[in-house]
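Please open the structure in your viewer and keep the selection tool at hand.

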Amino acid sequence: MAYVAGVDIGNNSTEVALGKVGESGEVTFLSSSLVRTSGIKGTLKNAFSVIDALDLALKKASLSRKELSSVLLNEATPVIGDVAMETITETVITESAMIGHNPSTPGGLGLGIGKTINIESLPGAATTDSFIVIVAGSVDFEKAALLINQAWERNLTISGAIVQKDDGVLIHNRLNRPIPIIDEVRYIDKIPLGMEAVVEVAEQGKSIDKLSNPYDIATLFKLTPEETRHVVPISRALMGTRSAVVIKTPRGDIQERRIAAGKVTLIGETSKAVVPVEEGAEVLMENVVKVAPLVEIQAEPGTNVGGMFENVRKVMAELTDQPVSDITVRDIIAVDTLVPRKVTGGLAGEFAMGNAVGLAAMVETQLLPMKRLARKLVEEMRVPVEVGGVEADMAIMGALTTPGTDKPLAILDLGGGSTDASIIDSKGEVNRVHLAGAGDMVTLLIDRELDIHDIDLAEKIKRNPLAKVETLFHARHEDGSVQFFSEHIDPRLFGRVVVVTDEGMIPVEPQEHLPKIMEVRRKAKEKVFVQNALRALRVVAPNGNIRLIDFVALVGGSALDFEIPKMLSDALVEYGVVVGRANVRGLEGPRNAVATGLLLANQHR
Ligand code: ADP
Ligand code: MG
């Protein structure tokens with residue numbers, strides 16, 4: 001009889017399964033543990049977390065290190081999923097093409113179209129045009145209202161106003177007829193005069209309807225299809241705001257600027273493709289699928305994407321103590337994202353969403369580092385350490401301890417850095433694949449798209465549902481249900497969107513509408529996990545046909561997510577695949593599959 005520990009070192013977590021192996025090799029599981037991995041997977045720093053996790057599991061089983069006969073490490077290399085995400089291309093809206101913001105109190109309501117004119121020039125203006133008046137901070141609200149009312153008496157058409165100060169309501173209250181007024185426009189002096197503009201203000205609690213739709217902008221400004229394509233980023237940037245202005249200047253107002261992104265060369269086992277990154281994530285991923293299985297991915301030196309690849313390889317080379325030339329990029333996942341960036345020449349200091357392609361790369365290193373780590377552990381712990389068991393095979397053995405499962409079975413290991421799939425047929429043959437992109441990329445996308453710059457908060461947003469604190473005594477959850485509190489909620493949370501965590505409600509900063517946050521969260525999960533699940537299963541499925549897979553069990557940390565399993569289930573149901581979360585050994589849920597598998601594999605030696 002011997003006490004044996006299986007250790008799974010992941011990018012995020014290090015998991016241990018501790019068991020007693022009897023004379024005839026049967027395993028009795030005693031305890032398990034999970035700690036955060038120290039350092040990057042496959043590096044010497046991992047020793048700290050391995051020792052912590054082992055001590056934790058030993059303690060739970062009331063055992064000491066001395067009693068441990070051996071430690072089994074997963075063959076965690078050669079793939080390391082890196083979280084590097086780079087915004088590769090961007091579309092910047094330059095010049096004063098738009099104002100889209102949410103001043104707290106705009107005035108009036110509806111849509112106004114006309115030529116921009118300084119309000120002080122109204123007395124001399126011709127009556128044949130419609131006007132949008134520009135009210136600089138030097139003109140007070142009484143004078144502004146007076147000038148507009150006088151213009152009406154002269155039969156001028158005034159269809160909207162853009163105001164520098166927070167005077168929208170004050171002007172509105174003094175007008176003979178209502179017009180939409182957008183205020184708090186900081187850089188009012190930058191608004192081009194004599195240009196066609198549209199002002200839209202929505203009712204309180206609603207968002208604008210016309211300027212957030214490219215076809216309506218096209219209708220209003222009589223745009224050609226080509227021009228309409230260019231206003232798409234504008235209309236998207238304006239979605240969800242309560243008021244907005246779009247100004248059409250003769251040329252170049254809506255300018256697309258693309259950063260030289262570079263080309264990626266996808267080298268597959270049998271074919272090759274060269275894809276310019278600026279074609280977007282979709283085209284890139286279509287090609288990744290087309291040339292799969294991938295052998296290596298190269299990026300054009302001296303470009304944006306080339307720089308990113310170089311950096312990833314360099315970091316990995318340093319960490320694993322190998323020459324850069326030994327490190328190849330094995331897989332990438334690209335997703336189209338919208339990241340907020342300050343509008344160059346913006347009129348209210350607003351941000352617009354710029355198109356970007358996010359990339360995560362997975363790097364291949366040599367097997368060496370794991371053996372080094374094993375030696376280090378032997379030194380530190382004085383316990384024999386063995387490296388063995390391919391991670392994907394171990395994961396499937398662990399997953400098979402889920403009650404109700406049997407071969408053939410496919411698993412998806414939804415981790416932090418990579419999404420792995422493996423499949424075992426009825427004869428016990430295993431087929432596997434590791435793909436770049438998993439939970440960490442989702443967190444990163446949430447962080448970037450919502451402009452949070454706080455990975456911990458982004459992680460919380462990913463893992464928990466949202467709510468809006470509507471009064472000091474009640475909050476409305478994102479599913480619409482209302483929760484009442486007997487003691488008042490922290491007043492600082494009043495009116496705020498919060499993440500509902502086990503430790504309480506945490507406000508989301510920067511402030512953003514609940515539906516927007518929810519959408520970003522769900523989209524990020526879908527873009528990464530649905531795409532990767534389909535990609536991965538296609539590789540491991542018999543004849544590449546997902547329909548030939550009947551059952552998929554989900555393991556790994558991201559399988560704990562409150563919406564990812566359902567998304568995958570929905571995506572795979574059309575292939576006739578049943579998806580469920582594994583329950584390793586009937587008690588670990590989707591956790592501990594690899595560590596459990598290591599012990600079970602040892603049993604048959
Ligand atoms: P690895 O094998 O790469 O170490 P894990 O299997 O530990 O990864 O999974 C880590 C990922 O799981 C992280 O991206 C983390 O955010 C995610 N995760 C962990 N717990 C949850 C949870 N309750 N809900 C959603 N995601 C989770
Ligand atoms: Mg893992």
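A polar contact is a pair of N or O atoms within 3.5 Å; within protein, one must be able to donate a hydrogen and the other to accept it, and residues adjacent in sequence count only if both atoms are side-chain atoms. The model is predicted, so local features need pLDDT of at least 70 and side-chain atom pairs count only at pLDDT 80 or more, while totals for chains, interfaces and linings use all residues. Residues are numbered from 1 along each chain as its sequence is written, chains are lettered from A and ligands numbered from 1 in the order in which they are written, and side-chain values use heavy atoms, without hydrogens and water.

Select ligand 1 and its surroundings. The shell holds 18 residues, the closest being N12, S13, E459, K462 and G557 (near means a heavy atom within 4 Å).

Next, select G416: one of its backbone N or O atoms lies 3.1 Å from an oxygen atom of ligand 1. For G557, a backbone N or O atom lies 2.8 Å from a ligand oxygen atom. At R591, a polar side-chain atom lies 2.9 Å from an oxygen atom of ligand 1.

Now colour domain 1 (1–77 + 367–403 + 592–605) and domain 4 (453–514); because both give residues to the shell, ligand 1 lies between them. These bounds come from an automatic or database domain assignment.

Finally, select T43. Is T43 buried or exposed? T43 is buried, at 4% relative accessibility (buried is under 20% relative accessible area, exposed over 50%, partly exposed in between, with a 1.4 Å probe and protein chains only).
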